[in-house]
Amino acid sequence: MIALILQLAQVLAPMIITAYEDHKAGNNGAAPTQDELNVALAAAVSRIVAEGEAWKAAHPKPPA
Amino acid sequence: MKRFWCAFVLAFVLGGSLGCGSRAVPLLPGTEPTYYALKAVVALGTVQSAAIGLNGIPVCAEAVPPAPPVCHPLLSDASTRIVVEIVTDSALTLKATPAGWQASATAALDRIDARLDAADKPQMKVYTAAARGVIALIGVNP
């Protein structure tokens, strides 16, 4: 009986730990603030604009 | 006693399986539009990067010596410029107005699909389709 319980605990322990960590991260994990998201969005847009401008500089539009 | 332990084990198994679902991203109230706009911008940026990457792939016709091979990019310069301009404009719009992220991003993909040269549409189709899939899931699966 004790051996069975120990075996079950060995199987269940990782699942329980994962569930607890998920719960902890979901409820106590840091959420990005509006300012942080604004900065991240601005940075992502800047990267896209820079990539596009670099391509356009390397491939000038032919005269009409 | 046996019934107690059976119930105990069952409760642990169920609790563990329920806890093993996907981890939701914690978002502060009111920040969702900016977060979703950010993900939409990433999806559109991928489309632009794909277009630029395809434009860099040369496709060459078989050479007839002594003439050199005639090569052209897999995605034409004209089509690449269309993608770059639309994605850049859309990204700037999303930055200015994150709340309209889904409409802006979807409209940008619609414009790309509509304006590409007929010969280039098959090249970009898979990338715009992937971006549409991502955008459709953004609000559902943050």
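**Close-up views of the predicted model**

**View 1. Packing of helices α2 and α3 in chain B.** In this predicted model, the axes of helix α2 (residues 32-55) of chain B and helix α3 (residues 77-96) of chain B approach within 9 Å and cross at roughly 165 degrees. Because angles over 145 degrees count as roughly antiparallel, α2(B) is roughly antiparallel to α3(B). The crossing of the two helices, α2(B) and α3(B), is left-handed.

**View 2. Residues at the contact of α2(B) with α3(B).** From α2(B), the contact is made by Ala37(B), Ala40(B), Val41(B), Leu44(B), Gly45(B), Val47(B), Gln48(B), Ala51(B), Ile52(B) and Asn55(B). From α3(B), the contributing residues are Asp77(B), Thr80(B), Val83(B), Val84(B), Val87(B), Thr88(B), Ser90(B), Ala91(B) and Leu94(B). Sorted by class, the contact of α2(B) with α3(B) comprises twelve nonpolar, six polar and one charged residues.

**View 3. Ser46(A) in helix α2 of chain A.** Ser46(A) lies in helix α2 (residues 34-58) of chain A. The relative accessible area of Ser46(A) is 42%, and this residue is therefore partly exposed. Between Ser46(A) and Pro60(A) there are 21 Å in space, C-alpha to C-alpha, and the two residues are 14 residues apart in sequence.

**View 4. The cis peptide bond at Pro66(B).** Pro66(B) belongs to the loop between β1 (58-60) and β2 (71-73) of chain B. Most peptide bonds are trans. The bond from Pro65(B) to Pro66(B), however, is cis, with omega near 5 degrees.

How values were computed:
Residues are numbered from 1 along each chain as its sequence is written. Chains are lettered from A and ligands numbered from 1 in the order in which they are written. This is a predicted model: local features need pLDDT of at least 70, side-chain atom pairs count only at pLDDT 80 or more; totals for chains, interfaces and linings use all residues. Side-chain values use heavy atoms; hydrogens and water are left out. Axes are lines fitted to C-alpha atoms, for helices over the stretch in contact, and angles run from 0 to 180 degrees between N-to-C directions. Helices (H or I, at least four residues) and strands (E, at least two) are DSSP runs, numbered from the N terminus. Angles under 35 degrees count as roughly parallel, over 145 as roughly antiparallel, 65 to 115 as roughly perpendicular and the rest as oblique. A crossing is left-handed if the near helix is turned anticlockwise from the far one by less than a right angle, and right-handed if clockwise. Contact means heavy atoms within 4.5 Å. Ala, Val, Leu, Ile, Met, Phe, Trp, Tyr, Cys and Pro count as nonpolar, Asp, Glu, Lys and Arg as charged, and the others, Gly among them, as polar. Buried means under 20% relative accessible area, exposed over 50%, partly exposed in between (1.4 Å probe, protein chains only).
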